[in-house]
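Subject: Structure handover

Hello,

Here is the structure I promised you. Please open it and keep it beside this email while you read.

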Amino acid sequence: MSEIQDQIFSVSDITKSIKFILESTFEKISIEGEISNFKAHGSGHWYFNLKDEGAVINCTMWRGVNNYVFFSPEDGMKVIVSGRVTVYPPRGSYQIDVRSMKPAGVGELQAAFERLKKKLFDEGLFDEEYKKPIPTFPKKIGLVTALDGAAVKDMISVAERRFPLLELVIVPTKVQGAGAAENIVENIRKLNFLKDIDVIILARGGGSIEDLWAFNEEIVARAIFNSKIPIITGIGHEVDFTIADFISDLRAPTPSVAMELATPDIEELKNFIKESYSLSCELIDRNINDYRDDITQFVNSYSYRFPFEKIRKFSQSLDFNVLKMNNVIERKINLISNKIALIAKSLEAHDIEKSLKKGFALIKQNAKFVTRKKNYSSQNAVTIKFYDGELEIK
């Protein structure tokens, strides 16, 4: 003990030791307390304090994790949070990294909500891989909502403002009370039978958990999951979450935002077209100028201004090549002529008539020349050929 007392720590070292001890000791804890100073940051994270009569603890609940909290946290609300203790060294403070939150003394509806959420989550119905893409330019949107509610009026107003080319198919739906869940399921199926619906918006205004309970029914969740048409939910206010929101392909905080997410903004499209037109004109002008420069350069070129010079150049080159070819042919002819003359002289040297003229004679027997003594027969007639005639001896 004295060794620890005598040891001098740096601020970082002691903080690291405290961080290790706290985080390894309180890795998974549940705490009950009262919410104070609750703040939903623009980033999506939640920051708040959890307190009782004797102490206060800072808490953080990150975006994505807090999506699974079905109620709206408020100052003064008693809750049970689960998570782990973490230490933030730059400030030398500790806080609770909250992983889940539920009201203290959860009622039957909350308990049922949590059970169903866990069941569907375990089945994988919340997985991103099952989320269908929302078309960028829908032609027809089906609205599953109450016909007399403020939500439908807000959505129509947003659609007329953002994308007046859109066609809306409104299916009057009971969204609260007995039979509401069954009616929602029926109308989702009706729209799925239509082949030209691009998107379905499932919406209603705000209310208590009891008012929104139809959207927490399992049959509604499975109808949304099984829909061939992508579904956007806009149920309640921004802080309201239902099972339908977790199942849907896209969750909007309100019905109006749901319509905004489902439709393109016609003003943005106009601006895009204007910018594209301007950019296209600029590119066309640039290309025209480039081609104009090329043409100008060509027109001012030597070949264009003096076209016959190039023809004369090619003509001279052609004459040179023809002359060169004639010289090659002439050399070939002379070489062959010399060879022929040499052969002719060789043949002339072996001419029989010249040999006869010199005094030689040819002897024939039986129409054949006798070239050797042994071939001569004294019994046969002989023909002797001289230069100036033949003599026959019988």
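Start with Lys19 and Glu23, which form a salt bridge. Their closest N and O atoms are 2.7 Å apart. A salt bridge here is a side-chain nitrogen of Lys or Arg within 4 Å of a carboxyl oxygen of Asp or Glu. Both residues sit in helix 2 (residues 11-25), four residues apart, which is about one turn of the helix. Helices (H or I, at least four residues) and strands (E, at least two) are DSSP runs, numbered from the N terminus. Lys19 is partly exposed, with a relative accessible area of 26%. Glu23 is buried, at 19%. The cut-offs: buried is under 20% relative accessible area, exposed is over 50%, and partly exposed lies in between (1.4 Å probe, protein chains only).

A word on the source. This is a predicted model, so local features need pLDDT of at least 70 and side-chain atom pairs count only at pLDDT 80 or more, while totals for chains, interfaces and linings use all residues. Residues are numbered from 1 along each chain as its sequence is written, and side-chain values use heavy atoms, with hydrogens and water left out.

Lys118 and Asp122 are four residues apart in helix 3 (residues 108-123), so about one helical turn separates them. Lys118 and Asp122 are both exposed.

Next, look at Glu260 and Arg161. They form a salt bridge too, with the closest N and O atoms 3.5 Å apart. Glu260 lies in helix 8 (residues 255-262) and Arg161 in helix 4 (residues 150-162), so this pair ties together parts that are 99 residues apart in sequence. Glu260 is partly exposed, with a relative accessible area of 32%. Arg161 is partly exposed as well, at 48%.

Salt bridges can also share partners. In this way Lys119, Glu123, Glu218 and Arg222 are joined into one network.

**Cysteines**

Cys59 is buried, with a relative accessible area of 3%. Cys281 is partly exposed, at 27%.

**The largest pocket**

Rolling a probe the size of a water molecule over the atoms shows where empty space is left. The largest pocket has a volume of about 710 Å³. It is lined by 25 residues, and the closest to its centre are Asn66, Asn67, Glu238, Phe241 and Arg251. Strand 1 (29-40), helix 7 (243-247) and strand 10 (250-252) are the elements that give two or more residues to the lining.

Some terms for this part. The search uses a 1 Å grid over the protein atoms alone, and a pocket is an open set of points where a 1.4 Å probe fits, with protein on both sides within 12 Å along at least five of seven lines. Lining residues have an atom within 4 Å of a point. Grid points are joined across faces, edges and corners, and the volume is the space filled by probe spheres set on the points.

What is the lining made of? It divides into 11 nonpolar, six polar and eight charged residues. Ala, Val, Leu, Ile, Met, Phe, Trp, Tyr, Cys and Pro count as nonpolar, Asp, Glu, Lys and Arg as charged, and the others, Gly among them, as polar.

**Strands**

Is strand 6 (residues 140-145) mostly covered or mostly open? It is mostly covered: six of its six residues are buried. Lys140, Gly142 and Val144 point one way, and Ile141, Leu143 and Thr145 point the other way. Strand 6 pairs with strand 7 (residues 167-172) in the parallel sense, over six bridges. Two strands pair if DSSP finds at least two bridges between them. Gly142 has Val169 of strand 7 as its bridge partner.

Now find the open sheet of four strands, in the order 12-11-13-14, with antiparallel pairing. Strand 12 (368-369) and strand 14 (389-393) stand at the edges with a single partner strand each, so one side of each has no neighbour in the sheet. Strand 13 (residues 382-386) and strand 14 are joined by five bridges. They form a hairpin with two residues between them. Thr383 stands opposite Glu392 in strand 14, and Val382 has Ile393 as its bridge partner there. Three bridges join strand 11 (residues 362-365) to strand 13. Across that pairing, Lys364 stands opposite Thr383.

Best wishes
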